[in-house]
Amino acid sequence: MRLLIFGFGYSAARLEEMMRPYRAGDVRATTRSPEKAEALAEKGVFARIYPGTDMAGDIAWASHILISAGPEAGRDPILADAATRAALGGAEPSWVGYLSTTGVYGDHGGAWVDEATPLSPATTRGQARVAAEAEWQDMPLPLHIFRLAGIYGPGRGPFAKVRAGTARRIIKPGQVFSRIHVDDIAQVVQASMDCPNPGAIYNVCDDDPAPPQDVIAHAAKLLNVPVPAAIPFDEAELSPMARSFYAESKRVSNKRMKDELKIQLRYPNYRAGLAALLQEGE
């Protein structure tokens with residue numbers, strides 16, 4: 001496998017880390033930061049500064065391509081680059097993966113959605129993701145789309161805020177979110193690479209959609225500290241970004257992911273995931 005990663009973010013980094021024992025330097029990745037490029041080189045990842053580098057040779061080299069860069073100014077930044085788009089159009093990888101979001105489904109009032117649910121995003125970010133998905137689907141590539149739920153994992157758990165007393169239990173009746181541990185994202189992507197199904201779309205989430213305040217309360221109980229007081233949503237001071245997350249409530253089905261890719265989640269619910277993070281020193 002010769003893996004090229006566009007956008008070496010949190011999920012892609014975890015995938016590379018988990019794959020490291022099974023590969024021999026066959027990973028290339030893009031980053032905007034020269035400092036991050038140096039750090040990646042120390043891990044055996046050949047890093048390219050992008051935008052600013054001609055990626056045609058890397059695209060031709062790759063047998064697998066993962067896109068984990070999100071839209072910018074409403075466009076997919078990879079396909080917005082004419083030279084990169086042209087190189088991708090002439091490439092013949094055996095697998096291409098695009099990390100999207102369950103935000104493409106919009107608000108469903110807490111009801112269940114699956115991959116056949118019509119896309120009706122309620123936010124500008126979700127609308128940009130729908131457009132990016134469609135743009136990638138128009139490319140002549142063996143594309144797989146992964147719609148990720150709310151991501152948590154090492155360094156992205158609630159424990160630091162709970163310990164600092166800054167965590168808030170914001171209550172909006174009927175609000176539920178689906179989540180996914182970053183390690184489970186990595187195993188899903190790996191499973192797809194091992195068993196390609198071009199055109200497939202997978203919701204990547206755990207088995208237990210839950211209200212956000214329940215997660216904070218459980219984290220506090222694990223730490224044996226007082227559960228933060230409840231704050232009604234209408235009284236909460238939230239940034240526009242934070243408030244937009246509460247514009248959507250849905251339960252996301254992961255049945256296709258588990259059935260087709262034979263996935264057994266490491267962390268099937270937030271309780272298992274938080275317990276593991278705490279045990280690992282979070």
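**Close-up views of a predicted protein model**

**View 1. The whole chain, as an overview.** The secondary structure of the protein chain amounts to 11 helices and 13 strands, where helices (H or I, at least four residues) and strands (E, at least two) are DSSP runs numbered from the N terminus. This is a predicted model, in which local features need pLDDT of at least 70 and side-chain atom pairs count only at pLDDT 80 or more, while totals for chains, interfaces and linings use all residues. Residues are numbered from 1 along each chain as its sequence is written, and side-chain values use heavy atoms, with hydrogens and water left out. Taken along the principal axes, the C-alpha atoms of the protein chain fill a box of roughly 55 × 40 × 35 Å. Of the 282 residues in the protein chain, 51% are buried; buried means under 20% relative accessible area, exposed means over 50%, and partly exposed lies in between, with a 1.4 Å probe and protein chains only.

**View 2. An aromatic cluster.** Trp95, Phe146 and Tyr202 form one aromatic cluster, and a search of the whole structure finds six aromatic pairs. Rings of Phe, Tyr and Trp (its six-membered ring) pair if their centres lie within 6.5 Å, and planes under 30 degrees apart count as stacked, over 60 as edge-to-face and the rest as tilted. The ring centres of Phe146 and Tyr202 are 5.9 Å apart and their planes are at 25 degrees, so this pair is stacked. The pair links distant parts of the chain, since Phe146 belongs to strand β7 (residues 143–148) and Tyr202 to strand β11 (residues 201–204), 56 residues apart. Phe146 counts as buried at 0% relative accessibility, and Tyr202 is buried as well, with a relative accessible area of 1%.

**View 3. Two arginines over aromatic rings.** The charged end of Arg28 sits over the ring of Phe46, 5.6 Å from its centre, whereas Arg271 lies over the face of Tyr270, at 5.0 Å from the ring centre. A charge sits over a ring if NZ of Lys or CZ of Arg is within 6 Å of the ring centre and within 35 degrees of the ring normal.

**View 4. The largest cavity.** About 30 Å³ of space lies in the largest cavity, and its lining consists of Ser11, Ala12, Leu15, Leu66, Leu99, Ile185, Ala186 and Val189. The elements that give two or more residues to this lining are α1 (10–19) and α7 (182–194). On a 1 Å grid over the protein atoms alone, a cavity is a set of points where a 1.4 Å probe fits but cannot get out, a pocket is an open set with protein on both sides within 12 Å along at least five of seven lines, and lining residues have an atom within 4 Å of a point. Grid points are joined across faces, edges and corners, and a volume is the space filled by probe spheres set on the points.

**View 5. A cis peptide bond in a loop.** Tyr50 and Pro51 are joined by a cis peptide bond, with omega of about 0 degrees, and Pro51 lies in the loop between β3 (46–49) and α3 (56–61).

**View 6. Two loop residues with positive phi.** Ala73, in the loop between β4 (64–67) and α4 (82–89), has a phi near 55 degrees, a positive value in a residue other than glycine, and Ala73 counts as exposed at 87% relative accessibility. Lys262, in the loop between α10 (255–261) and α11 (270–279), has a positive phi near 55 degrees and is exposed, with a relative accessible area of 68%.
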